[in-house]
Amino acid sequence: MYGSSQKGNFFKSLLIALGDCLMVFLAMLAALASMGEKYDISSLNLAPVIVYAVTFCAVCFGLDMYSIINRKKYDLLLGVLISCCIASVVAMVYDYFFAGVSRTRMLAVVFLFFAFVILSAWRLAVNFFTIKTRGHAKMLVIEAKDIDNALARKIKYSCLNWFDSWYTQINIEDEEEFDSFLKGEFTEYENIFITQSIPEYRKKTIVAEAIRMDKNIYMLPSLYDINITKYHMVQFDDTPSFQIKPFRLTQGQRLIKRIFDFAVSLLAVVLTSPIMLIIAAAIRLDSKGPVFYRQERVTRGGKRFMICKFRTMRADAEKMSGPVLAADDDPRITRAGRILRMTRLDELPQLLNILLGDMSIVGPRPERPFFVDQFCDEIEDYDKRLSVKAGLTGYAQVYARYDTEAADKLLYDLIYIREYSFLLDLKIILLTVKTIFTKEASDGVKEAPDWQNQSAEEMKK
């Protein structure tokens, strides 16, 4: 059964990781062999190769490349490339400072080439084998009748890379129909997604049956669900209870986060200053107006600050429209601005905001007061995301898209706050590197896709 046990997935992931290590050693042997008589098997120094292999696996883990899902080829190859490049840098640093050896740049380049080719071929083969042997998992999306839920449509039409999804509506008030559903259609699917339209008393029955049949269960989380994922067990006499901690970071976590933010942003400002000078010149040559774009945004505790970014739109972009989100192919975006948005380079000046303490490297997206007020009125618990500083990147930025609905982005932000750790910040930073090369993540707001306008009957065809 697809994803039938975490233990089974762990061993599959472990086998893939061991295969990665083996491919790294094969790549080094291939690199040495291709260099001719100057290098041979006796030249192989195992220490930096082991460092490379361990680093490669660690980066892959941070990029979620050991999760047992079918991946797009582009996403897979990009992850391998990023992991190879980072592992090469770490291995060269180790080689120079700890092994006391400075190998030729040519060998490093040749090894990087073979590592990327061999590891890519290995990962593509694993992905192909996974699809052939397991195929697409079957998922049943359950929704109440007479509910027009766009979420169910999104799941059905956006998860086809991973799931062979089927959409069904049930009459939750009809006991006979509900029992017939549990004994019939429900038994045919390994994965069950329960939408929010299903009431609690029916949801409990569905979950109980799914657990009994060893099915995977998916549900959209609420703030309550997110809260209880992190709890501490306490006792009142002999009665076990859950203690749910306040929805914020501890003082120690905030101190570590601030030290990391200051050190990294200071180093980044120094290293990227030549790039920022080139960008400033390109903006000036491309269109009239200031180089930088300053705008009021909201951070922790509702505090307002002036965010600093490179200007990517015409200087009078909101003169007629007022505050609106950028659309896909927005005519207000300049030629230089389109490139800056696609590569995220327009956000480099925010490093200064991080240095000043208004922002963090990782956190919820800094929104404008106009949108914060609007979303607080429309979306329950939206104000909870203001319990941490706004971030240059974050959970929603790497897993969602620019045009993802605010309610969905909020869930990512709340999960980040509840699950926060220093390692999670490092993982998000790694994922951000990959996101830079993913066009969909930077696209503006699009028109509603066709599936949002389809009826329940059309979805079942």
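The model is predicted, with local features requiring pLDDT of at least 70 and side-chain atom pairs counting only at pLDDT 80 or more, while totals for chains, interfaces and linings use all residues. Residues are numbered from 1 along each chain as its sequence is written, and side-chain values use heavy atoms, with hydrogens and water left out. The chain has 461 residues, of which 44% are buried (under 20% relative accessible area; exposed is over 50% and partly exposed lies in between, with a 1.4 Å probe and protein chains only).

**Overall make-up**

- The chain contains 16 helices and 10 strands; these are DSSP runs numbered from the N terminus, helices being H or I with at least four residues and strands E with at least two.
- Of the contacts with a separation of 6 or more, 75% are between residues 24 or more positions apart; a contact means heavy atoms within 4.5 Å.

**Cavity**

- One cavity of 30 Å³ or more is present in the structure. A cavity is a set of points, on a 1 Å grid over the protein atoms alone, where a 1.4 Å probe fits but cannot get out, and its lining residues have an atom within 4 Å of a point.
- The volume of the largest cavity is about 30 Å³, where volume is the space filled by probe spheres set on the points, and grid points are joined across faces, edges and corners.
- Its lining consists of Val298, Thr299, Arg300, Pro364, Arg365, Arg385, Leu386, Val388 and Ala390.
- By class, the lining of the largest cavity has five nonpolar residues, one polar and three charged. Nonpolar covers Ala, Val, Leu, Ile, Met, Phe, Trp, Tyr, Cys and Pro; charged covers Asp, Glu, Lys and Arg; the others, Gly among them, are polar.

- Helix H14 runs over residues 406-419, and its 14 residues reach 20 Å from first C-alpha to last, close to the 20 Å expected at 1.5 Å a residue. The expected span is 1.5 Å times one less than the number of residues.
- H14 is mostly covered, with 10 of its 14 residues buried. Among the buried residues of H14 are Asp408, Lys409, Asp413 and Arg418, as well as Leu410, Leu411 and Leu414.
- Helix H15 (residues 422-436) has 15 residues and reaches 22 Å between its first and last C-alpha, close to the 21 Å expected.
- The buried residues in H15 are Leu424, Asp425, Ile428, Leu430, Leu431, Lys434 and Thr435.

- Cys60 belongs to helix H2 (residues 46-62) and counts as buried because its relative accessibility is 0%.
- Not counting residues up to four places away in sequence, Cys60 touches Met65, Tyr66, Ser83 and Arg123. From Cys60 to Val80, 20 residues away in sequence, the C-alpha to C-alpha distance is 7.5 Å.
- Leu78 is part of helix H3 (residues 73-97); its relative accessibility is 9%, so it counts as buried.
- Leu78 and Ser120 are 42 residues apart in sequence, with their C-alpha atoms 9.4 Å apart.

**Positive phi in loops**

- Most residues other than glycine have a negative phi.
- Arg344, which is not a glycine, has a positive phi of about 70°. Arg344 sits in the loop between helix H10 (335-343) and helix H11 (350-356).
- Asp381 also is not a glycine and has a positive phi of about 70°. The loop that holds Asp381 lies between helix H12 (369-378) and strand S10 (391-393), and Asp381 counts as buried because its relative accessibility is 19%.

- Phe242, in strand S6 (residues 239-243), counts as exposed because its relative accessibility is 53%.
- Beyond neighbours within four places in sequence, Phe242 is in contact with Tyr231 and His232. Phe242 and Ile228 are 14 residues apart in sequence and 8.2 Å apart C-alpha to C-alpha.
- Met359 lies in the loop between H11 and strand S9 (360-362); at 0% relative accessibility, Met359 counts as buried.
- Residues that Met359 touches, not counting those up to four places away in sequence, include Asp261, Phe305, Ile307, Pro366 and Ala390. Asp261 is 98 residues from Met359 in sequence and 8.7 Å away in space, C-alpha to C-alpha.

How values were computed
On a 1 Å grid over the protein atoms alone, a cavity is a set of points where a 1.4 Å probe fits but cannot get out, and a pocket is an open set with protein on both sides within 12 Å along at least five of seven lines; lining residues have an atom within 4 Å of a point.
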